[in-house]
Amino acid sequence: MKKIRILIQTVTCVGLLTVLSPSCKDLDITPPSNISPETYLFSENDLSAYTIARYPDVFRTTSGSGGEGLYLDDVGTDNMTSRGGNTRFLPGEWKVGSTGGSWSFDQIYRLNYFLQTVEPRREANQLTGNASNISHYIGEAYLLRAYVYFGKLVELGDFPIIKTVIPDVKSELIEASKRQPRNEVARFIIEDLDKAASLLLATPPNGERTRISKDLAYLLKSRVALFEATWLKYHKGTALVPKGTGWPGAAKDYNSNYQFPTGSIENEIDYFLGQAMSAAKLVADAHPLTTNTKVIKESATASGNPYYEMFASEDLTTNNEVLLWRDYDLALGIVQYWNHYMYYGNGFGYTRQFVDNFLMDNGLPIYDPASGYQGDDFVDKVKIDRDWRLKLFMRGPGEVKAFLGLPSGASPEVEPRVPNIDLASRYQEGTGYSIKKGLSYNNEMQSIVGRDVTALVCFRAAEAYLNYIEACYEKNGTIDGTASAYWRAIRQRAGISTDYEKTIAATVMSKEAENDWAAYSHGQLIDPMLYNIRRERRCEFIAEGLRYMDLRRWRSMDQLNGFKIEGVKVWGPMKDVYGNRLKYGQSDATKNTVSNPSLSPYLRVHQISPNNLYYNGYRFTEAHYLSPIAAEHFVISSSDGQSADASPIYQNPGWPTQGGMPATGF
């Protein structure tokens, strides 16, 4: 096979392009074997193949035979957990890497190569095929580049803005490594998304939303703008924001005199909030929410629930809420493993703190005397008269696991009376509150490895509703008629009272703070209106991987100082059902199955063994809001090739430039 070979000298660009070979690397710019490099990227089909080949590397879905991916991205937050933890909540244990990390440019390079090659050919009318489709695929590349850059913004903040392929000249590569202020990166992303929207079709050329569409560009624009606005607002004045106290960019000549384009950080925040509102409205007004029929389907002949089936079907072609979904095909060997991985729980689960956050269907918090809450002595009690998002997407005793694709004569398996918190490996329900989102009705999907072709939702319009509501309140201090209508629509679909003002009036922030990190920003409790907007987002995106991103932008982890993650109420009436299955205080701690009842009536997932690194709870340090840049990048990009101080790159606040070292605070 002939390849378009891109030569990159290691000494000049490891810090920029993260090449791994001693001399050069083929950057996967490979035409089909029957096409020569000289004629590649001249046809509509070439463009289509090139951009869709980037999808798996850019969009988060599920990956690997272990089923990890989007549905587990909330693990290591107050929403979901395993029996382990994440070192971001253990100051001193998360350390600067020696190599690799988020400071990488391979996907940016591939997309810049495509745009730099194809755009001039389009302008010169050298591309063959349908003109609208050609424009669409170029629009895909702009969106893909924007989304890659958004990932860099979330992880690293300030970042180089590179729009073209950089020549293999050391001085130019070093110049290109200069980090730009994070709000400028966000503006560049929005610029790319606006360009994408101008080129993309409303309906992709294949007629299905398995490819990028115009409305996805608008949705991502609203996400990026809201993210940056709230980051700037809640981190304002700190080293994590341009011109804040201790901002490391100010120590570099190229950023030392930086001024916000709008004149102030307040104006910059307002700009991004306006962008978020306008883009979100375009999507929300065009995409009604999928219906919730308020039933849990448990047989082939029973009526279904489109809301649950949005995450449990093989084909989402007709679902108008879904803006991008991943299709799987058994005949082509393109499968996922989520159903098999989570069939029994595999050690993961929702936290008690998350479960307690869901409202009753009358719109009241569970602690309100008039709520009608049935308590948490058993998991099925927890789900009575609750928000339907909890009822649908969390397993409950007696519920059927799967009823299609059963062996002849077999009866469907049902969830046990008490969750299997004491079993090992994939049979263990980590907290007792087990994940149901994404699980198919088909037993073969769950029980047979390599059979799962359940479609996966990558992006959906409900986010636009919530982005608008939040941006509106952050911008104006109140919600307008549009935001009110969106909020009522979200709550109606969730099966709870649409009277959000009733919920706000009943909200006690000191109670919410016990379970929800987002009750805080900068260590201070927020107001009940804003809190309930955040609560709605938390509950709507159950197991969809957005929680940590939100907690970072809201600055909602400053207050963590020994926060204990909990599961089911194991030391209530459930203990009598478990009997001698419950073991604690064993001389061999590996034989413990539960935490000591003296600690809490609830399962303390990190206190089952005293050897657990997180036994004393989650803690946080401000430096951990951003990831560190690995040590190699400072040396490789330095003018002398030896000293980190001679690099144009600056480290994120609180992190050293030496590998193997933890954050020191700032």
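Helices (H or I, at least four residues) and strands (E, at least two) are DSSP runs, numbered from the N terminus. The model is predicted, so to speak of local features takes pLDDT of at least 70 and side-chain atom pairs count only at pLDDT 80 or more, while totals for chains, interfaces and linings use all residues. Residues are numbered from 1 along each chain as its sequence is written, and side-chain values use heavy atoms, with hydrogens and water left out.

**Exercise 1. Describe the second largest pocket: its volume, its lining and the elements that supply it.**

Start with the term. On a 1 Å grid over the protein atoms alone, a pocket is an open set of points with protein on both sides within 12 Å along at least five of seven lines; a cavity is a set where a 1.4 Å probe fits but cannot get out, and lining residues have an atom within 4 Å of a point.

Step 1: the second largest pocket holds about 370 Å³ of space. Step 2: 17 residues line this pocket, and I52, Y55, T210, R326 and D327 lie nearest its centre. Step 3: α3 (55-58) and β2 (322-326) each supply at least two residues of the lining, with β2 giving the most, three residues. Step 4: sort the lining by class, and you find ten nonpolar, three polar and four charged residues. Here Ala, Val, Leu, Ile, Met, Phe, Trp, Tyr, Cys and Pro count as nonpolar, Asp, Glu, Lys and Arg as charged, and the others, Gly among them, as polar.

**Exercise 2. Work out how α2 packs against α5.**

Two packed helices are described by the angle between their axes and the distance between the axes. Axes are lines fitted to C-alpha atoms, for helices over the stretch in contact, and angles run from 0 to 180 degrees between N-to-C directions.

Step 1: the axes of α2 (residues 44-52) and α5 (residues 131-156) come within 9 Å and cross at roughly 20°. Step 2: α2 is therefore roughly parallel to α5, since angles under 35 degrees count as roughly parallel, over 145 as roughly antiparallel, 65 to 115 as roughly perpendicular and the rest as oblique. Step 3: the crossing of α2 with α5 is left-handed, meaning that the near helix is turned anticlockwise from the far one by less than a right angle. Step 4: look for contacts (heavy atoms within 4.5 Å). On the α2 side they involve E44, L47, S48, T51 and I52, and on the α5 side N133, I134, Y137, I138, E140, A141 and L144. Step 5: this contact has seven nonpolar, three polar and two charged residues.

**Exercise 3. Which orientation does α17 take relative to α20?**

Step 1: α17 (residues 481-494) and α20 (residues 528-540) pack at about 45°, with their axes 12 Å apart. Step 2: that angle makes α17 oblique to α20. Step 3: W487, I490, R491 and R493 of α17 make the contact with M529, N532, I533, E536 and E540 of α20. Step 4: these residues divide into four nonpolar, one polar and four charged.

**Exercise 4. Find the volume of the largest cavity and the residues closest to its centre.**

Step 1: the largest cavity has a volume of about 160 Å³, where a volume is the space filled by probe spheres set on the grid points, which are joined across faces, edges and corners. Step 2: of its 18 lining residues, Y308, V400, K401, K436 and S440 are the closest to the centre. Step 3: the lining of the largest cavity divides into nine nonpolar, three polar and six charged residues.
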